[in-house]
Each structure stands twice: as C-alpha cells, then as structure tokens.
Amino acid sequence: MSVVALREALALAPENVPLRVLLARELLAVDRADAALIEARAAFAADPARRDTREVLGACGLSLGDDALVVEAWFAVRDQLAATSLRALAVSCARTGRLAESREVYALIAEQEPVVHDLALRRTVVGAAPAPAPERPPERRPTFADVGGLESLKERLRMDIVYPLQRPDLFRAYGKKLGGGVLLYGPPGCGKTHLAQAAAGESGARFVVVEIQAVLEMWLGESEKRLHEVFEEARAKSPSILFFDEVEAIGAARHQLRHGPGRRLVNQLLAEMDGAGAKNDGLLVIGATNAPWDVDPALRRPGRFDRVVFVPPPDPGARETILQLALRDRPTEKLDLRSLVGRTHRWSGADLNHLVDAASERALAEALRSGKLRPITQSDLVAAIDRVRPTTGEWLAAAKRYVSYANQAGLYDDVAAYLRED
Ligand SMILES: Nc1ncnc2c1ncn2[C@@H]1O[C@H](COP(=O)(O)OP(=O)(O)OP(=O)(O)O)[C@@H](O)[C@H]1O
Ligand SMILES: [Mg+2]
C-alpha cells in the first residue's frame, strides 16, 4: 500500500498500531526516515510490548545513524533478533560506549553462528575496549615456546622487553634505559600480535590491547583523556605491556581529521610515552602495523617506538614448527611435515593455521559420515594445500616499492635483505 493510502486508512483508525507500523515501514522504504520515525515513535508509545513496533523503531535508528535509538529499541528484544540486526545492535552498543552490552550481543551472534567470520565486527565489538581489556582469563598464556621460528627476534624482545620488566634493578645498575617502545611491522598473519602476547606471557606482565581506531571512534573528543587513563592504569598495575595494534591509524587519522583530534591524540601518545622520567618504569609499549610507511615519524623518535623490527614470513624451519604447533592437539597419523614446507614458500603463520583447519575439516567430514574418528592424514594436508592461497604476496609487493623508492635512513633494510634472499 502506498504512503497516501496508508495515511488515509490511519485517519479512520488512529488506534490501529499494526497499520501505523506498516506506514513507518513504507516511509523507510521510500527514504523518508524522519517521517518514519514519527510514526514509529507513536506506534511504540501505543504498544511497546509488540515486537514489530520495536523492530521498526530500531530500523529508523539504523536509517538515521542514531545508535542510541537502535540500542533503546532493540537491546530489550535481543533474544528475538535476526543475525543482521544483532550485528547492527552490537556495533551501536559499542559506539555508544556500552561495552558490556556489546559483548553480550556479540555472544548471541556467536551462538547463532558458531564461527563468526566477520572479523571487522569482532574487532569493533570485542576489541572495542579502549579502556584496558579485562585481566587475562586464567587460561594458559602463550610464551615464546608457542611462536615458531623468529629466534633472533625473540632474543631481541627478551633484551628489550622481558628482562627489563623482570630485572629493572640490573638494567638500572648498568645505566641502561628502561621503557620506550618496540614497533613490529610486517605482512599480515606472520605473528606480530602473537609475538607481543608471547612477550607478555614470557615476562609475566599484564597485557593490555589498545586499538587506536576504537579510541578515536568511540571517544570522540575524549580520546586523549581515555588514552591518559589507559596509561595511568597500566602504570598503577605494572609490570604492564601496552599493545597498540594498527598503530598507523593514529597517523592516518591525522590526515583524515584535519581539525585536530588525531593530532592531539598523537601528541598525547607522545607525552605518555616520554612519560616524565621514572614514571614509565615497568611499562613497555609495543606497536604493530602492516603499514610502517604510514606511521607518524614523530612516533619513531628516541624514547618512543625507537626500535623498529621487521617480522618476516616464517622460514622453512619456522613453517614446520608452526604446523606442528597447529596440529599438536589434534589426532594425526605419522606425518611428514617437512615435505610440506617446500610447498608453502611465503606462507604466513595464519595461512599455515588455515591449512591445518582445512585438512582437519576434511577428516572431520569423513568422520561424520562414517561415525568413526579417524586421524588427520598426510593426504588431508596435501589436498588442502591446493585450496589455501597464501596471503603475504600483496604486502611483499608493496614493501618492495617502498624499499626501492622510500627507504630513507635505511628504515627498511631488513625487508630489503629478506626480499633479496627470498
Ligand atoms: N611464528 C608463528 N608461530 C606460531 N603461530 C603463528 C606464527 N605466526 C603466526 N601465527 C599464528 O597465525 C595467526 C595470525 O598471527 P598474528 O595475529 O600474530 O598475525 P599479525 O602479524 O598480527 O597479523 P595482522 O597484521 O593481520 O594483525 C595467529 O593465530 C598465530 O597464532
Ligand atoms: Mg595483529
């Protein structure tokens, strides 16, 4: 029915809530969200218990970009929402600072879809906490033993992160500076985040993830304050490792938001990292990025992210270890992993995990058919190799261009060395 016809009908039966809901929907369909909202509000006021009045009210919120309205309309009926609406609700909760609610809604989505593929959503919602994430759950924390290869990098992180946190007295005795930051960069999926977590596990420090993008989006105008609080809490509960993922976002934000919040946030971060002397003892900062060329150069000055470290794709030995680690808790026949190593040149750790998942799925599908558990076999893995595509190529191609044309100060020398040997 058209808007006009619906309005005429409503004039005759103003108490008819379903009719008003229909009108609101029709108005939304013709892009008249403001008018729709008036009808939806009226319908909701008349009968808040009906599901459809809430539904249409939330839909108006979505159309108008009004997160608070989406939450108001939908949170109470979250159990009855379809997955797409739940997703929108989770994001609206996160954007209005309702992190506990956001996580709760996310848990409902995960129930409906046991494997949540939407990583961006997971990041907005679960990683949304610009405030420190809750204390680590009691489950076993990864250590360097869970990281395949990268031996010289681990040694470096022991010197830069683990030992300073464990024996600040010795470092001070030898006049070695504490604090400062390490910036990890490299292609996606090669273990930057994993390595940072392992460094925290190795040193027994608290590990706090700070997502710049979330700090910027969720705390508009209050970003600096939030950032300061994050640092203060980390200082109070040291030893702590603050992990800034996607740290280039803070530089990018500077260009996007010309009016200053990005700039102010950079300055705040610099001030916190410079940390007025001893205040930052027991506090280490690790940054990670896929795009070191976008990282604000001010962040790389001494005392800040002064150690810039390339995390390369795993070498053959590391690939074998990563496969072993990925397979360690699954039933397998005797496998010849070494023979797979030659066929996974340039694969990332994430790609290799993906390979093991695909092989496991093949064994599982057969077990479901036969009703009997059977181990993962060599041929499951070989079959999976053809189905998984390695993901580092694009990054390495981009890096090659930067190495050739923008390698000032030898910043990317270790990438250059990797590319030469590759
Ligand atoms: N060297 C490694 N040893 C063991 N596991 C690894 C290694 N590298 C990557 N992985 C596994 O691959 C997955 C992706 O790694 P991680 O998240 O650390 O990559 P990343 O470099 O942070 O990627 P992104 O740039 O996309 O954030 C993780 O599950 C991790 O366990
Ligand atoms: Mg990462």
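**Exercise 1. Cysteines**

Task: State how many disulfides the structure holds, and decide whether C60 and C93 are buried or exposed.

Solution. 
- Step 1. The structure, which is a predicted model, holds 0 disulfides.
- Step 2. The cut-off for a buried residue is a relative accessible area under 20%.
- Step 3. C60 has 0% relative accessibility, so C60 counts as buried.
- Step 4. C93 has a relative accessible area of 0% and is therefore buried as well.

**Exercise 2. A neighbour of C60**

Task: Find where L28 is placed, classify L28 as buried or exposed, and state how far apart L28 and C60 are in sequence and in space.

Solution. 
- Step 1. L28 belongs to helix α2, which covers residues 17–29.
- Step 2. The relative accessible area of L28 is 17%, so L28 is buried.
- Step 3. Along the sequence, L28 and C60 are 32 residues apart.
- Step 4. In space, their C-alpha atoms are 7.2 Å apart.

**Exercise 3. Two side chains with polar contacts**

Task: For R20 and E39, give the helix, the burial class and the polar partner of the side chain.

Solution. 
- Step 1. R20 is also part of helix α2.
- Step 2. With a relative accessible area of 18%, R20 is buried, because the limit is 20%.
- Step 3. A polar atom of the R20 side chain lies 3.2 Å from the backbone oxygen of P14.
- Step 4. E39 sits in helix α3, residues 33–46.
- Step 5. E39 has 9% relative accessibility and therefore counts as buried.
- Step 6. The partner of the E39 side chain is the side chain of R7, in a polar contact of 3.2 Å.

**Exercise 4. Backbone geometry in loops**

Task: Describe the peptide bond from S238 to P239, then the phi values of E246 and R346, and locate P239, E246 and R346 in their loops.

Solution. 
- Step 1. The peptide bond from S238 to P239 is cis, with omega near 5°.
- Step 2. P239 is in the loop that joins α13 (223–236) and β3 (240–245).
- Step 3. E246 is found in the loop between β3 and α14 (248–256).
- Step 4. Phi of E246 is positive, about 50°, although E246 is not a glycine.
- Step 5. At 26% relative accessibility, E246 falls in the partly exposed class.
- Step 6. R346 has phi near 70°, a positive value in a residue other than glycine.
- Step 7. The loop that holds R346 runs between α17 (338–341) and α18.
- Step 8. The relative accessible area of R346 is 28%, so R346 is partly exposed.

**Exercise 5. The shell around ligand 1**

Task: Work out how many residues surround ligand 1, which classes they fall into, and which domains and helices supply them.

Solution. 
- Step 1. Ligand 1 is surrounded by 17 residues.
- Step 2. The closest are G148, G189, K192, T193 and N290.
- Step 3. By class, the shell has 7 nonpolar, 8 polar and 2 charged residues.
- Step 4. Domain 2 (144–310) and domain 3 (316–385) each give at least three residues to the shell.
- Step 5. At least two shell residues come from each of α11 (192–203) and α18 (349–370).

**Exercise 6. Polar backbone atoms at ligand 1**

Task: Give the distances from ligand 1 to the backbone of G148, C190 and H194, and state what share of the ligand area the protein covers.

Solution. 
- Step 1. A nitrogen atom of ligand 1 lies 2.8 Å from a backbone N or O atom of G148.
- Step 2. For C190, a polar backbone atom is 3.3 Å from an oxygen atom of ligand 1.
- Step 3. For H194, a polar backbone atom is 2.8 Å from an oxygen atom of ligand 1.
- Step 4. On its own, ligand 1 has 620 Å² of accessible area, and the protein covers 75% of that area.

How values were computed
Residues are numbered from 1 along each chain as its sequence is written. Chains are lettered from A and ligands numbered from 1 in the order in which they are written. This is a predicted model: local features need pLDDT of at least 70, side-chain atom pairs count only at pLDDT 80 or more; totals for chains, interfaces and linings use all residues. Side-chain values use heavy atoms; hydrogens and water are left out. A residue is near a molecule or strand if one of its heavy atoms lies within 4 Å of it. A polar contact is a pair of N or O atoms within 3.5 Å; within protein, one must be able to donate a hydrogen and the other to accept it, and residues adjacent in sequence count only if both atoms are side-chain atoms. Accessible areas come from the Shrake-Rupley method with a 1.4 Å probe; for residues, only the protein chains shown count as cover. Helices (H or I, at least four residues) and strands (E, at least two) are DSSP runs, numbered from the N terminus. Ala, Val, Leu, Ile, Met, Phe, Trp, Tyr, Cys and Pro count as nonpolar, Asp, Glu, Lys and Arg as charged, and the others, Gly among them, as polar. Domain bounds come from an automatic or database domain assignment. A disulfide is a pair of cysteine sulfur atoms within 2.5 Å. Buried means under 20% relative accessible area, exposed over 50%, partly exposed in between (1.4 Å probe, protein chains only).
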